[in-house]
Amino acid sequence: AKLYNINKKIENISDNNDLMNDLAVIKKSMDRIIKVISSLRTFAECPENEPIVEIKLIDIFKSISFMLEKKLEDANINLTIDVSDINLNCRIINLSHAFFNLIINSYESILNLNEKWIRIEACIDKINNKVNINFIDSGKGIDPNIIEKIMEPFISTKEICNMPKGFGLSVSKGIIEAQNGSLIYNNSSKNTNFLVLLPLK
């Protein structure tokens, strides 16, 4: 309401282009803050017995990307999401945590690389009635010697100071398995690739 009133007053000022542009920037920033706060509130309000509901997969990733947009931008990491129009029955907040952890895992792994990107792709496996969601990043894969252990607590391939290590993948795995899904490392990919399999119903 305050912005609306200011906008009306500025309209009556001659040579107001600079003021109008500044106001547009402020409004855009406020809209983004509202979206981020909404996403954070959703994350914070995680009930113990969260019900299973139907949601569009893209809506889960929209909430996550709002929270991570600035972090990824500052690190010059390009995030692309291609999940088309897929509906999923799930515990939304819990699954959001799992997906958030997987993206942060990629972020931390590629932070110091020259080539930095994260790609999320999803498709429906009609034969097995599952949704396949690929989390791929520009990393060159994981040491074969620790592949079997990477989803255990305290196991980490990253060397980043002052960051909790070795919990993201194990937490994500637990959340996904609790929803009758699977988290798999794809060792046939030339890049680092984790595959999430979730039942459609």
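A residue is called buried when its relative accessible area is under 20%, exposed when that area is over 50%, and partly exposed in between, using a 1.4 Å probe and protein chains only. Phenylalanine 100, with a relative accessible area of 21%, is therefore partly exposed. The structure is a predicted model, in which local features need pLDDT of at least 70 and side-chain atom pairs count only at pLDDT 80 or more, while totals for chains, interfaces and linings use all residues. Residues are numbered from 1 along each chain as its sequence is written, and side-chain values use heavy atoms, with hydrogens and water left out.

View 1. Helices (H or I, at least four residues) and strands (E, at least two) are DSSP runs, numbered from the N terminus. The expected span of a helix is 1.5 Å times one less than its number of residues, which for H4 gives 27 Å, in agreement with the 27 Å between its end C-alpha atoms.

**View 2. A stacked pair of rings.** Rings of Phe, Tyr and Trp (its six-membered ring) pair if their centres lie within 6.5 Å, and planes under 30 degrees apart count as stacked, over 60 as edge-to-face and the rest as tilted. The whole structure has four aromatic pairs. One of them is the stacked pair of phenylalanine 61 and phenylalanine 99, with 5.0 Å centre to centre and 5° between the planes. Because phenylalanine 61 lies in helix H3 (residues 57-74) and phenylalanine 99 in helix H4, the pair ties together parts that are 38 residues apart in sequence. Phenylalanine 61 is buried at 1% relative accessibility, and phenylalanine 99 is buried at 0%. Ring pairs link Phe61, Phe99 and Phe135 into a cluster.

**View 3. Strand S7 and its partners.** Two strands pair if DSSP finds at least two bridges between them. Strand S7 (residues 192-199) runs antiparallel to strand S5 (residues 130-137), to which eight bridges join it, with phenylalanine 135 opposite phenylalanine 194. Strand S6 (residues 182-185) is also antiparallel to S7, through four bridges, and isoleucine 184 has leucine 195 as its bridge partner. A hairpin of six residues joins S6 to S7. In a regular strand the side chains alternate between the two faces of the sheet. In S7 both faces are covered, with Thr192, Phe194, Val196 and Leu198 buried on one side and Asn193, Leu195, Leu197 and Pro199 buried on the other.

**View 4. Charged side chains.** A salt bridge is a side-chain nitrogen of Lys or Arg within 4 Å of a carboxyl oxygen of Asp or Glu. The structure holds four salt bridges. One of them joins aspartate 85 to lysine 56, with the closest N and O atoms 2.7 Å apart. This pair links distant parts of the chain, since aspartate 85 is in the loop between strand S2 (78-82) and strand S3 (87-90), whereas lysine 56 is in strand S1 (residues 53-56), 29 residues apart. Aspartate 85 is exposed at 58% relative accessibility, and lysine 56 is partly exposed at 34%.
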